[in-house]
Amino acid sequence: MTRECAALLPGVCAALADPRQPGLDDTCLEKLLDWFRSLTWFDPTVELVQDNPCLTELITSVLALPDPSPSILSFALQLAGILASSESRFQHLQQEKLLGRLFGQEGPRGSAAWEDASVRSAWLKGVHSMVHHQPALHLLCSTGGMDVIFTLQGDPSLFVASAASQLLVHMLTFSLESETLKGLSTKGCDWPACAQMIVKHIQESLQSSSASHIEQSLKLLSSLFGSCFGSCYAAWTEVLWLDIAKEIESFLLKETVQAQPVLANLLLNVARSPVFCGTEGSFWALVTSALEHLTPVQAGPLAVGLLKLCKCPQDVRIQALTVLLQPMDCILRAASQPLECAGLLDESVSDPVTVESLLSSKTSCAALLCQTLAHLEKLLSLKHLRVDLPCVSLLRSLMTILQFCNGSLSPTSPLGSTMSRNLINCFRVQKSALDVLAALSEKKDCDTLIGSLFDVLLAYLQSPNTSPTVLKKTFQATSKWLVHLQELSSSNSQWQQTEKILEGVFVVLQKRLCSPCWEVRDSSLEFLTAMVKCLRDQKEFRQCLLSSEVLRLTENLLEDPESYVRASAVTAVGHLALITCFAPESPVIGNQYNKESIVAKLQEILSTDSEGFPRRAVISIFTKWLREGCTGRLEDTEQFVSRVIQTVEHDLDWEVRLGGLELVEVFCSQTICQLAQCPYAPVSSSVTSSTPQNELLQVFCRAKLFGFLFGSLCDCDKPVGQRACDVLVGLRGHFYPMSTLENPQEIEDSPAGRGIAWLQRTLRQGSLAQNFPTDGGEGVDFQDPESMMLALGAIDLLELHDELNKSSDHVEESPQSLLQDILATVGTIEDNEVDCY
């Protein structure tokens, strides 16, 4: 603790303990507690409380109050717990007889204040902070504190109940840390005293007739096995499991509804423990039983969790996959009668009638399918899935679901007819099915169904009943499958099928680009951009694109009334230009698509559009063009960049200005690559004044880069200043590679040097962007190569870099500032001494 803070602390403690003072904001109290946590974390000695007696005086004063406010009592409980986290400070507070009065029977747990949930929560937090040594454990066990914690497990406040459960996990884990693992019995009699109390409580709760007590203990066990306990204390884990396994099995067989969802989570957390990695033992038999007895909705999370485990036995893994595929199998079997194709499964884990009844119900059908589809999407995203997914049947099932949802499939079976009615226009299921469909596009086994798949996708793209959100998902799935189709075409010569599908896609896209709904127009443009990114090198794609009206319609949307659509149109036009204007083999398709026209339109948007989104899109596209070398010769690129940054530097949107700096960074890198002999490499000091270096400086000065960069250092938005500084530091590293920087004292006497000295002082003053002269003010010529060389060498850019990267709250949120603010709030110091933030 600094001397300044130590001097302020007594006044703060006195103010906090004074009931006449107005209550402090809870945020201030939390920040104060955070400060004490950091102090005690680094220093476990007793000096903190000995040197600052005001801390114990504060706690004593709060305890003496007849009716303390809940907030100040909560603060005192947490502060005492934090201070008592080391054994030496604990003993000091014990000598002061404070801890018993706070956490013992005579404490607030017997008073009216205990009715406030914040006080109960603070009591638990204080105990949690304190229990880091054995004397604290002994205090709690000897004063009835354990019974209080057990009771608070069932507190009506979820925050309090959760804190109680977390505290019990911490206490059980901590109580085992100093114990040896010798001579363990399976009866649990060798548990340390505190751990034995907790384990006994768990066992008694599991055997009670109270459903709430059972559920609390199952949640506690789940948290316990889910924490480091299951990994770090293998022998204790096994003993605990053996103590409770029979009760867990009985809950599965009794079908205690309240406990079943918690049971699935508990079994999954136990399965993650190294103790149960082997294939032998009764544990996996219990897991198999759970997969059979839990409902499909309850078993789903357990199944997907087991499939992610590395060391789950293969037979259990197959059974888990079967649980997830059972609803999809039911869908397939119900789609037609008699069955035209094989289902997904040869046999079921649980009774198929259960799944059928859930899918027959209007309320449960969508919920079960959405959960199942979400789990399947997770599995498809895994790089190494240790079971084989039946991708073809799964794809057929997804197509069936989507056809049920849009009414294009009329099943003859009674179950199929019921499901079809349940799913018609069900947006939730449609979106989930399309997500899985998109994920399946990366699998190589579904080629035989690709024609039927695109029929389903095109039906969704064409239908006026497809909602905008479902349409967006359909576009995303379609673009992924088009990429897969391209790979097939190149390997199987399926040109005709590809051409037919692309023609259908472009017919739909033309219609959707003219939709009255702006979300549809926006999604259509995003889809077009995605297609161009992936398929622009494919001949069939380019032919279909150029023979459609898509180019004209997209360009028209540059003037759309909705700014989101204009931004998406800018991005689409920018990517389309890579085909129509900038490609070496660009076809001649009319004057309206020439390079100059497109560039002019986008520059007009950059300078005149009233919304930020389209302007950000333009600067992003210009940077992409520059990266891909679309701007022509160096002279043309220089003029292009110069025009753009002169527009961007006055933009009110900081993200546009930031985009301008990214453009400058790319331009600098590419120009250095062209004019320097070794790209990105620093040149030796012997060639610093060589022709390439002079030419580089002249190019950058003619493009007016330095005025933009130095002005951006003073930008009122910090990310802009940081990026500008990064670019300048990079340039200095190129022009001064061996740290041969200029001596500011030596150059100060020259006219240019005086301007550079002024620039250095100005930059140190911070945000002066509005008044920063980039046109030669104060003798700084930003277009003079010699002056800019001096500026790069003399200005301490690294110091600026450090300043810009400092957190904005490094002063305002310091402990000293916090203490001053608290004193100012209670009116004990002058206003001008306060850091207001």
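Predicted model: local features only at pLDDT ≥ 70, side-chain atom pairs only at ≥ 80, totals over all residues.
Residues are numbered from 1 along each chain as its sequence is written, and side-chain values use heavy atoms, with hydrogens and water left out.

**Salt bridges**

I searched the whole structure for salt bridges, counting a side-chain nitrogen of Lys or Arg within 4 Å of a carboxyl oxygen of Asp or Glu, and the search finds 21.

Which residue does Glu628 meet in a salt bridge? The partner is Arg536, at 3.1 Å from N to O. Glu628 sits in the loop between α33 and α34 (634–648) and Arg536 in the loop between α28 and α29 (539–546), so the pair ties together parts 92 residues apart in sequence; the helices here are DSSP runs (H or I) of at least four residues, numbered from the N terminus. Arg536 counts as partly exposed at 25% relative accessibility.

I then turned to Arg627 and Glu662, which form a salt bridge whose closest N and O atoms are 2.7 Å apart. This pair links distant parts of the chain, with Arg627 in helix α33 and Glu662 in helix α35, 35 residues apart. I also noted that salt bridges with shared partners join Arg536, Lys624 and Glu628 into one network.

Is the pair of Asp651 and Arg615 buried or exposed? Asp651 counts as buried at 9% relative accessibility, and Arg615 counts as buried at 9% as well. Their salt bridge has its closest N and O atoms 2.7 Å apart.

**Helix α33 and its neighbour**

I looked up how helix α32 (residues 595–608) meets helix α33 (residues 612–627), and found that their axes, lines fitted to C-alpha atoms over the stretch in contact, come within 8 Å and cross at roughly 140 degrees. That makes α32 oblique to α33, because angles under 35 degrees count as roughly parallel, over 145 as roughly antiparallel, 65 to 115 as roughly perpendicular and the rest as oblique.

**Helix α28**

Finally I checked Phe527, whose place is in helix α28, and which counts as buried at 3% relative accessibility. The C-alpha atoms of Phe527 and Gln476 are separated by 6.8 Å, although the two residues are 51 residues apart along the chain.

Conventions:
Axes fitted to C-alpha atoms, helices over the stretch in contact; angles between N-to-C directions. Helix = DSSP H or I, 4+ residues; strand = E, 2+ residues; numbered from the N terminus. Buried < 20%, exposed > 50% of the residue type's maximum accessible area, 1.4 Å probe, protein only.
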